[in-house]
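Please find below a colleague's note on the structure shown here. It is set out as numbered points, to be read with the sequence and the model side by side.

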Amino acid sequence: MDIDLDGELWQVAGKRFAEYAVRRRESGGEAPRRILADFVIGAHAVSRTKGLVSFNSADYRNTFPELRVIRDSSQFD
């Protein structure tokens with residue numbers, strides 16, 4: 001099990017969260033609605049996996065465009 005959350009991963013997560021917060025405010029939205037954990041998950045997936053299975057695929061695609069995000073785990077086969 002890969003649970004090593006090194007400093008670089010936290011930096012990527014923090015940077016992407018900050019970018020998301022700016023986009024949300026500039027679009028007239030309220031304060032950010034997503035939590036930092038979403039960005040840690042995305043940063044981990046980008047650096048250490050082949051992709052991410054999520055029912056929240058649109059948000060991950062917007063924040064981590066280089067990440068393969070799918071809704072059906074059979075696509076990993």
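Predicted model: local features only at pLDDT ≥ 70, side-chain atom pairs only at ≥ 80, totals over all residues.

1. Accessible areas come from the Shrake-Rupley method with a 1.4 Å probe, and for residues only the protein chains shown count as cover. By this method the protein exposes about 5300 Å², and carbon and sulfur atoms supply 53% of that area.

2. Residues are numbered from 1 along each chain as its sequence is written, and side-chain values use heavy atoms, with hydrogens and water left out.

3. The protein has 3 helices and 2 strands, where helices (H or I, at least four residues) and strands (E, at least two) are DSSP runs numbered from the N terminus. From the N terminus on, the order of the elements is α-α-β-α-β.

4. Of the 77 residues of the protein, 30% count as buried. Here buried means under 20% relative accessible area, exposed means over 50%, and partly exposed lies in between (1.4 Å probe, protein chains only). Contacts are counted when heavy atoms lie within 4.5 Å. Among contacts between residues at least 6 apart in sequence, 39% join residues at least 24 apart.

5. Which residues make up the largest nonpolar core? A nonpolar core is a set of buried Ala, Val, Leu, Ile, Met, Phe, Trp, Tyr and Cys residues joined through side-chain atoms within 4.5 Å. The largest one has 12 residues in all: Leu-9, Ala-13, Tyr-20, Phe-39, Val-40, Ala-43, Ala-45, Leu-52, Tyr-60, Phe-64, Leu-67 and Val-69. The elements that give two or more residues to this core are H1 and H2, and the largest share, 4 residues, comes from H2. In soluble globular proteins, nonpolar side chains tend to be buried together.

6. The aromatic rings deserve a point of their own. A pair of aromatic rings is described by the distance of the centres and the angle of the planes. Rings of Phe, Tyr and Trp (its six-membered ring) pair if their centres lie within 6.5 Å; planes under 30 degrees apart count as stacked, over 60 as edge-to-face and the rest as tilted. By this rule the count comes to 3 aromatic pairs. One of them joins Phe-17 and Tyr-20, a tilted pair at 6.1 Å centre to centre with 55 degrees between the planes. These two residues are 3 apart in helix H1 (residues 7–26), so they are separated by about one helical turn. Phe-17 is partly exposed, at a relative accessible area of 25%, whereas Tyr-20 is buried, at 10%.

7. Tyr-20 also forms a tilted pair with Phe-39, at 5.5 Å centre to centre and 40 degrees between the planes. This pair links distant parts of the chain, with Tyr-20 in helix H1 and Phe-39 in helix H2, 19 residues apart. Phe-17, Tyr-20 and Phe-39 form one aromatic cluster. Leaving aside neighbours within four places in sequence, Phe-39 has contacts that include Ala-13, Arg-16, Thr-63 and Phe-64.

8. Where does the charged end of Arg-34 sit? It sits over the ring of Tyr-60, 5.6 Å from the ring centre. Arg-34 also lies over the face of Tyr-20, at 5.3 Å from the ring centre. A charge sits over a ring if NZ of Lys or CZ of Arg is within 6 Å of the ring centre and within 35 degrees of the ring normal.

9. The structure holds 5 salt bridges, each being a side-chain nitrogen of Lys or Arg within 4 Å of a carboxyl oxygen of Asp or Glu. In one of them the side chains of Asp-6 and Arg-48 meet at 3.0 Å, N to O. Asp-6 is in the segment before H1 and Arg-48 in helix H2, 42 residues apart. Another bridge, also with an N to O distance of 3.0 Å, joins Lys-15 and Glu-19.

10. Asp-59 forms a salt bridge with Arg-34, the closest N and O atoms being 4.0 Å apart. Asp-59 lies in helix H3 (residues 57–63) and Arg-34 in the loop between H1 and H2, so the pair ties together parts that are 25 residues apart in sequence. Asp-59 counts as partly exposed at 26% relative accessibility, while Arg-34 counts as buried at 9%. Arg-34, Asp-38 and Asp-59 are linked in a network of salt bridges.
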